[in-house]
There are 2 protein chains.
Amino acid sequence: MTEPAKPLVRHFQEELEQLKTRLLEMGGQAEENVRLAVMGLVDRDHAIIDRVMKGDEPLNNLHIEIDNRCFTLLALYQPMAADLRTIVAAVKINTDLERVGDLAVNIAEAARRYASHAPVKKLIDIPRMASIAQAMLRDSLDAFVRRDLALAQAVLNEDDRLDALKTPIFRELLTYMLQDPSTIEPALDLILVSRHLERIGDHATNVAEDVIFIVSARDVRHHAGEGA
Amino acid sequence: MTEPAKPLVRHFQEELEQLKTRLLEMGGQAEENVRLAVMGLVDRDHAIIDRVMKGDEPLNNLHIEIDNRCFTLLALYQPMAADLRTIVAAVKINTDLERVGDLAVNIAEAARRYASHAPVKKLIDIPRMASIAQAMLRDSLDAFVRRDLALAQAVLNEDDRLDALKTPIFRELLTYMLQDPSTIEPALDLILVSRHLERIGDHATNVAEDVIFIVSARDVRHHAGEGA
């Protein structure tokens, strides 16, 4: 209840750096879980699938820790302007990364069901979607840490590429389902996986939009593609 | 860059009340869009479906306005303790409500495709899921405004009921798809709608968890169902 001592600027900057480091760690773990989940799907590897399904705990702990760090920074240092924007963005990015972790688990759940059926097809487009989504996640966090507007903008462009892959995947799988009812269940899981990957791209896009907001104090949300 | 004048407590409380009012308005609009999207699906009503698909703009504007209000409150008043928790929660709730609006649009998109096929079945469970999700949304926001822990907890319990409806819906639709390939495309859209509704429930759950955090300063995330 007592007022904090006068802001210790150096201490604040150290804490802010630590916050960014933890966000990068969380992003790295979330990305790794996505990579493993898709690997488990492609290789039909139950050990990897199980690892992702049970491996959500460290990410959930990081989520709570980072939230607490943001809250403490706001309460103790009462930051202004760019620092305030950075911390509020960190709260949101933290939420996005936690959802990415949840989506990795959802992909692993679909992979487990998929592995109980004969394979529908050789998986090429889904791993491609996954690698785009993973790169977007990595780039959006790099853009956050380095305050890199150009990189954040590049992430927004990549999202269009990711979304464009979804429809042909859906059409192809639908063709299999119509031709052979035994593919319906496994093809459904592939459709769900492609949608989970699309949503991971959406979360990376959210992060990139936050970066643009922090750096330029300009709100690009709901106006993507508009001129500067 | 200049320091703000000494906090005007009364002014701050007024601004905080306005913020809550705007969040309630946003929640009301998001809920209404969900209601309309599902009505459009059930009644195969293209006018209603189009209205939801084009009606996202007011919600997006509210999203930006509320974010700015939170940011201004943090910057000008540097609130502590419960007020700080409330505003950080408002930032998150705002994000959740915006996603609910996006999901209403996704439901409307599925409804439009669904209406271009013969109906698969009489829709009973999906409207039931929708009304549970809508009530969860309403209750979670009421719990936020009234700081009502019991109501927030009730929302968490409702989410289990919502999730439980998803699997029988999926099984039933799968049966149709296996028996008659002409139902595959429309049944797929119903499966997607049930997942969108499940996610709306997840967003209401996020709001309820934020309420519990604000009121009790206790973090229930990732520990749902644990004792107090």
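Let's start with B:L23, which lies in helix α1 (residues 9-43) of chain B; helices here are DSSP runs of H or I, at least four residues, numbered from the N terminus. B:L23 counts as buried because its relative accessibility is 0%, where buried means under 20% relative accessible area with a 1.4 Å probe and protein chains only. Beyond its neighbours within four places in sequence, B:L23 is in contact with several residues, among them B:I66, B:L97 and B:F144; contact means heavy atoms within 4.5 Å.

A quick word on the model: it is predicted, so local features need pLDDT of at least 70, side-chain atom pairs count only at pLDDT 80 or more, and totals for chains, interfaces and linings use all residues. Residues are numbered from 1 along each chain as its sequence is written, chains are lettered from A and ligands numbered from 1 in the order written, and side-chain values use heavy atoms, leaving out hydrogens and water.

Now, over to chain A. How do helices α5 (residues 125-146) and α6 (residues 149-179) of chain A cross? Their axes, lines fitted to C-alpha atoms over the stretch in contact, come within 9 Å and cross at roughly 165 degrees, with angles running from 0 to 180 degrees between N-to-C directions. α5(A) and α6(A) are therefore roughly antiparallel, the word for angles over 145 degrees. Residues making this contact include A:M129 and A:I132 of α5(A), and A:L162 and A:L165 of α6(A).

Technical notes
Helices (H or I, at least four residues) and strands (E, at least two) are DSSP runs, numbered from the N terminus. Buried means under 20% relative accessible area, exposed over 50%, partly exposed in between (1.4 Å probe, protein chains only). Angles under 35 degrees count as roughly parallel, over 145 as roughly antiparallel, 65 to 115 as roughly perpendicular and the rest as oblique.
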